[in-house]
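Dear colleague,

Please find below the structure I promised to hand over, together with its sequence. My notes on it follow.

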Amino acid sequence: IYDPMTKIEEFEQHVAKHASYNLDDTYCVIALNGEAGEVAEWFKKMVLRGNPTGKLTEDDLKGELGDVLYYLTRLANNHNWSLSDVMEANIKKLDERVAKKMRMIS
C-alpha cells in the first residue's frame, strides 16, 4: 500500500542527509521566494507566451516545485517542525476559515 506520509518522511531524511551546510531562516526565506519566482516564470513562459523556445516541459515545473519544497522543508526543520506538522497546521487553519465563513453565512 502506498503511504504518502512515508514519502514525505523519506524526503525530509533526504534533505537532512544532503544539508551539509546550515541555512538560516533568512537564507531559506529568500531562496524559497526565489524558487517560487522560478515557478511563476515557468508559467509566464509556458502559459502566457506559449513556450516560445519549445524547451519547457512539465518535468521542468516539477523540478522547480521540488526546489520550493526543499527550502520549505529546510525552513520548517529550522523550527523543529516536520512537513506533517506544517500540513496539519494548514488543515486546521483552512478548516477554521471554512467554519468562520459558514458562521457568517448563517
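R74 lies in helix α3 of what is a predicted model. The residue is buried, yet R74 forms no salt bridge. A salt bridge would require a carboxyl oxygen of Asp or Glu within 4 Å of a side-chain nitrogen of Lys or Arg, whereas the nearest side chain of opposite charge, that of D24, is 9.0 Å away. The side chain of R74 does make a polar contact of 2.8 Å with that of Y70. Beyond its neighbours within four places in sequence, R74 is in contact with V15, A19, Y21, N22, L23 and C28.

With 24 residues (25-48) at 1.5 Å a residue, α2 should span 34 Å; the distance between its end C-alpha atoms is 33 Å, so the two values agree. After α2 comes G50, which has a positive phi, near 70°.

The largest nonpolar core comprises 12 residues: V15, L23, C28, A31, L32, V39, W42, L61, V68, Y70, Y71 and L75. At least two residues of this core come from each of α2 and α3.

Yours sincerely

Technical notes: Residues are numbered from 1 along each chain as its sequence is written. This is a predicted model: local features need pLDDT of at least 70, side-chain atom pairs count only at pLDDT 80 or more; totals for chains, interfaces and linings use all residues. Side-chain values use heavy atoms; hydrogens and water are left out. Helices (H or I, at least four residues) and strands (E, at least two) are DSSP runs, numbered from the N terminus. The expected span of a helix is 1.5 Å times one less than its number of residues. Buried means under 20% relative accessible area, exposed over 50%, partly exposed in between (1.4 Å probe, protein chains only). Lys and Arg count as positive and Asp and Glu as negative; His and the chain ends are not counted. A polar contact is a pair of N or O atoms within 3.5 Å; within protein, one must be able to donate a hydrogen and the other to accept it, and residues adjacent in sequence count only if both atoms are side-chain atoms. Contact means heavy atoms within 4.5 Å. A nonpolar core is a set of buried Ala, Val, Leu, Ile, Met, Phe, Trp, Tyr and Cys residues joined through side-chain atoms within 4.5 Å.
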